[in-house]
Amino acid sequence: MSRHYRARGGRGTVHAVDGVDLSVVHGETLGVVGESGCGKSTLGRVLSGLEPPTAGQIRYGGAPLPGKDGAAFRASRRRIQYVFQHPLLALNPRLTVGAHVAEMARVHGLAASATEARRKAAAALADVGLDAALGARYPHQLSGGQRQRALLARSLVIDPEFVVLDEPTSALDLSVQAQVIELIGRLKARRALTVVIISHDLRVVRVLSDRIAVMYLGVVVEIGAADQVYHAPAHPYAVALIAALLRLDPDAPRVPPLEGEPASGGDIPPGCRFHPRCPRAAAPGRALEPPLAPLPDGRQVACHAVAADTARAPWPPLSAGAAA
Amino acid sequence: MSALAEGAAHTLPPLSVVAASPAPLLRVEGLTVAPRAAPAAPIVADVSLSVPAGGSLGIVGESGSGKSLTCLAVMGLLPRPLIQTGGTVRLGERTLTGLSARELVAERGRRVAIVFQDPVASLNPVRTVGRGLTGLLRLHRGLLGTPARDVAARLLEGVGLSRRHLPAYPHELSGGQSQRVMMAGALAGEPSLLIADEPTTALDVTTQLQLLDLIERLRAETGTALLIVSHDFGVIARSAEQVAVMYAGRVVETAPVRALLRRPAHPYTLGLLASVPPEHGRAHRAPLPPATTVARAGAPGCAFAPRCERAGEICRHARPPLARLREGFVACHHPVPA
């Protein structure tokens, strides 16, 4: 799947997402991580049907995802929900959060009357830990954590099967972030939701996900079981990303930071996109884009050097850390 | 023995421990900040801190804890609606509190400089990097013309950029580059103290690591002391020797960084540390309950008591003083046992 945009001013094309193949299994949580501009939010919007792919297709439950117009799209919203990154922008400032959640239930035909919609809204708000009294407030009267909960209630009131959460905890204080993580964990367990979590925060993604996909400049460079990717990353970019996490220990070993900054989606390096910054880049990386290839431990990695390691050495040289 | 009795017996002015070094460079004593409209309702109350020459202090806390306002008060940059209603700020031998705006300008930049969270908003969009830096060099060091340009280029090289960036406008720079330019500007006056207010919050993790490494290297080269504010314990662990934890406008715990991270004494510090998502296992119960009301510095009792599972009757009506405990100081009637 790809999603390209025309660059501002009409010059050139921005390859926000460039040939991503992935599947999300019913009931699982897939975390998508990467730095700003890697295309993770674009991927989330396309996965949830809010934007059409430029190339490729998205199939949901066996059928192609409908385009953005028409009854089929509206019907798909019942099952697929995208929870936006900025609660204050996504909530209607002129509606109390209770009314907003109730409206959602009405629009999707899940409440025959206003009373029933209000009852459903109150239940959804209670489900995300918001007191009934808070339902009477406007978004600007709520704290950041409360707004994030209200936004979740708005999507969950219609009982969707598949939810894409875009940066659900960014901009929240640490203690509030922990509350939202607890809430998402609880909702997943109770509702058998299939979830995609998009975040720049690897710790948040690891704690909530079954699998993690690491993106760099529009492509998935590594995807595998969450603990495997987090504790024993294979792709050099994933290795650098996880090594850059700051431990809560002043005596933690210092790793040299990754040099340079990612190129932009409008100016993608030829060959492997990561090669200008990669400590392991060799000649082939400059010429050919490495495919996402399976490793014996089940994950998939797009890297010439890792592929060469796997071919050369008896498996498993890389999973030494993963086994720990 | 009750924790209160133990604490009270050893109550000392908190400075004596925070300032382990004999010659504190920055000394903040009893700093109190309140709205001009309500001077009796402080939002930063009785904050005492010190940074030794060449040393580093981290202030950690959540939004609204007063950590950024403390920095702004140190710089004499409080926004108009706020006023310092008590306490003193001293830098070396000089008392900054009470200086005129003109005198403060001379101190700022030359002796103490600040780097803010949002570099893009802090750089003048219609000035090139070179003009911004040469302007600072004229102001702080009286440099003009070619010498100023040469020093500006050297400053850029020092932060990992180059002479090529002199003609660039801020919008042509990435977030990481902008923060490096801010850092070059802060160092233009060769300050003895650098204040960094959430310097890496807007940056990606790999860029964040580059910038923290840069701060560390520059400090090793120039001996500049650091006051760093962050909500992220990882940043604090990486860059500060001493830590002060703020809650509702007050310092609730201060200790050497290793002691604070390994044996937090204040229940709030403990809860905050436990809120960092774990590296193993699944999502679990959030350690700190949501705040039901806005905690205020001026309220009687301990501001954290409503969220504290260790709180007792005394916590609701008597505010605990910052008292010596183990390697640090803690403001708590029932501190966490070691």
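Predicted model: local features only at pLDDT ≥ 70, side-chain atom pairs only at ≥ 80, totals over all residues.
In what order do the eight strands of the open sheet in chain A run?

View 1. Residues are numbered from 1 along each chain as its sequence is written, and chains are lettered from A and ligands numbered from 1 in the order in which they are written. The strand order in chain A is β6-β7-β8-β3-β9-β10-β12-β11, with mixed pairing. Strands are DSSP runs of E, at least two residues; helices are runs of H or I, at least four; both are numbered from the N terminus. Two strands pair if DSSP finds at least two bridges between them. β6 (80-83) and β11 (293-294) of chain A are the edge strands, each pairing on one side only.

**View 2. Strands β9 and β10 of chain A.** β9 (residues 211-216) and β10 (residues 219-225) of chain A run antiparallel and are joined by six bridges. Ala213(A) has Ile223(A) of β10(A) as its bridge partner. α10(A) packs on the sheet and touches β9 and β10 of chain A. Its direction makes about 105 degrees with that of β9(A). Angles run from 0 to 180 degrees between N-to-C directions; axes are lines fitted to C-alpha atoms, for helices over the stretch in contact. Contact between two residues requires C-beta atoms, placed from the backbone, within 7 Å.

**View 3. Helix α1 across the sheet.** Helix α1 (residues 40-47) of chain A lies across β3 (29-33), β6, β7 (162-166), β8 (194-199) and β9 of chain A. Helix α1 of chain A runs at about 155 degrees to β8(A).

**View 4. Where chain A meets chain B.** Here 30 residues of chain A are in contact with 35 residues of chain B. On the chain A side, α7 (174-191), α8 (202-208) and α10 (236-243) each give two or more residues. α7(A) supplies the largest share, nine residues.

**View 5. The two domains of chain B.** Domain 1 (3-111 + 191-330) and domain 2 (120-190) of chain B follow the domain assignment, with bounds from an automatic or database source. Their C-alpha centres lie 30 Å apart. Twelve residues from domain 1 of chain B and 14 residues from domain 2 of chain B make the contact. Helix α9 (residues 205-222) of chain B gives the largest share of the domain 1 side, five residues.

**View 6. Glu221(B) in helix α9.** Glu221(B) is found in helix α9 of chain B. Glu221(B) is exposed because 10 other C-beta atoms lie within 10 Å; exposed means 12 or fewer, with C-beta atoms placed from the backbone.

How values were computed. Buried ≥ 20, exposed ≤ 12 C-beta atoms within 10 Å, placed from the backbone.
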